[in-house]
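Student: I would like to go through a structure with you. Could you take my questions one at a time?

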Amino acid sequence: MGGLLIVDQWTNELPPSPGGGAARRQPRASRSILSGAGVLVAGRYGVAVLGWTTTVIIVRTLSPSAFGQYALVFSVLGIIGFISELRLSRVVLQRVVSGEDDPIAVMSSYVTLRLVIGGIAYLVAMAVVWLGQYPQQVVQATAIGGLVIVILSGAYGLTLLFEARFWLGSVAASNFWAQFAQLLFTALVAAIGIGSVLVYTWANVVNALVTAAWLLWAIRHVARIRLRVDRSWWLEWLKEGAPLAIGAALDTIYFRIDILMLSLLDTFNAVAVYSVGYKFSDLLGAVPAAIVTPAMTLMVATWPRDRSRFRETFRQTLILLTVGSVGAAVGFGVFAAPLVIHLYGGKYGSGAGAARLLVAGQALHFFTTLGFVTLVSVGRNKLYPIATLVGVVLNVVLNLVLIPAFSYNGSGWATVITETAVMTVLLSGVARIPGLRPLPWRPLIKVVIAGGVMFLAGEAMLGRVVWPVAGLLAGLVYLAMLHVTRVDGPGGLRALLHNTRIGDLGDVGPAPAGGIDGTESMAEDLILPGRPVAGAERGPAASGPAPVEPDPEAPR
């Protein structure tokens, strides 16, 4: 192994508590797909509430043109951020659990690689805004905001360990408290009257620093991560992950390039209005990311030796994603106008139509995400870059045609059409995986029917009942319909919740020899979900590749 800087080691013995009691606990593990997804969604929605509050402060203290510049900076960084999102975790985790190498050395090398790639992404972002001859304030804000990519590249390298062991609560907590710190910084700056594009950009750097610090603190008794360079490992990971890296790059470009093209073909005011719609789209994007995080680990653990359990995981994930997609798209479609106006002000009300389209595109992306993780779980990586290349070409062409004629509404329609095409390409590959069919058509049809009833109820109440109450009642109608129609069999919603338990998938391997006192190695402790674990309070862990990594700016 070449280029070794520091070889660190796994902390085999957890230190006793200050009072001399038992060893300190590792982070708490989730026990099912739904509980794992639930804690991530709850954390993300907590972040969204804080993030919305932060955005409202920024919107109300900046002019529309200045806010458009601020939004453009982080849209550019979101696109360039694909360089630090190379989908390498699946390849890396296989080496971690193999037991052939020191697992903490592998993790240290992986985090270092992510930091190096983040630094390259920073330079690319600066080149884009400089060569694009953007205003000086945009260039300066990019120089500050680009630090977020570097910091979070390393932080999200750490989440490989957390996601593999189902320590999803710690991941959610790091995101929540980081966003809380950003809100405090933003509110303080606004209160003393020094808010500007550059100062508000520094608040995002505070967010990234808190995220990284929280994750390092959470594993302080479990692992010590140090910078480590190993060229042979890096080359191996980059080579094996090349199709996923290319696909990830194209994925980010096709989903975010519309706002960049809008800034070139229209005004910063148009960018500002359109960016408000992205706030709702990004909020919804937390749902599929949270659901596929535990689901992908389970699918990897059961493929190919237990295809019936693989199919059961796929089936439950598909039903959960459909329930979330239909409910969110219908609910937001009905109540988009009052939501936009009350949260962001009347000057952004004209963007309600574009916001509906962006949320509809995100709802379709639920199934694109499922197609991606399913194909990756079975090792079919080549279709992903093909599908996303189709998305880039189609989205660019559609935006060139539609933006001059329809402004931000044209960009919204381009998003919906592009997402439909990408989803179709990926799901065509999923349909060829042996053992997945037949699909659960009956539950899916029931979800669509429940969505239709929700739409009629919402439209009937809109304008007659205060919109927050009407939205809540429409959501309850949707859930009631799912329960009454027995969406996942006898028991209705109770059956849907019960069927997502990891234990229902059965044991996928023997229990590890070690206990929870930290004496087993990391490779042994990264056990498969469903295995009995000594010390029930710790919950199951998981092996296999980590799921889709989060986007530093906006989870999809």
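This is a predicted model: local features need pLDDT of at least 70, side-chain atom pairs count only at pLDDT 80 or more; totals for chains, interfaces and linings use all residues.

Student: What is the mean pLDDT of the chain?

Tutor: The mean is 78, and 80% of the residues reach 70 or more; pLDDT is the predictor's confidence in each residue, from 0 to 100.

Student: Where is confidence lowest, and where highest?

Tutor: Helix H17 (residues 522–525) has the lowest mean, 30, and helix H14 (residues 441–461) has the highest, 93. Helices are DSSP runs of H or I with at least four residues, strands are runs of E with at least two, and both are numbered from the N terminus.

Student: How many helices and strands does the chain have?

Tutor: The chain has 17 helices and zero strands.

Student: On to packing: how do H6 and H7 cross?

Tutor: The axes of H6 (residues 168–191) and H7 (residues 197–218) come within 8 Å and cross at roughly 150°. Axes are lines fitted to C-alpha atoms, for helices over the stretch in contact, and angles run from 0 to 180 degrees between N-to-C directions. H6 and H7 are therefore roughly antiparallel to each other, a term for angles over 145 degrees.

Student: Which residue classes make up that contact of H6 with H7?

Tutor: The contact has 16 nonpolar, nine polar and no charged residues. Ala, Val, Leu, Ile, Met, Phe, Trp, Tyr, Cys and Pro count as nonpolar, Asp, Glu, Lys and Arg as charged, and the others, Gly among them, as polar.

Student: New topic: which residues does the cis peptide bond join?

Tutor: The cis bond joins Arg437 and Pro438, with omega about 5°. Pro438 lies in the loop between helix H13 (383–430) and H14.

Student: What is phi of Gln133, and of Ser407?

Tutor: Phi of Gln133 is near 55°, and phi of Ser407 is near 55° as well. Most residues other than glycine have a negative phi.

Student: Are Gln133 and Ser407 buried or exposed?

Tutor: Gln133, in the loop between helix H4 (103–131) and helix H5 (136–164), is exposed, with a relative accessible area of 71%. Ser407, in helix H13, is buried at 18%. Buried means under 20% relative accessible area, exposed over 50%, and partly exposed in between (1.4 Å probe, protein chains only).

Technical notes: Residues are numbered from 1 along each chain as its sequence is written. Side-chain values use heavy atoms; hydrogens and water are left out. Angles under 35 degrees count as roughly parallel, over 145 as roughly antiparallel, 65 to 115 as roughly perpendicular and the rest as oblique.
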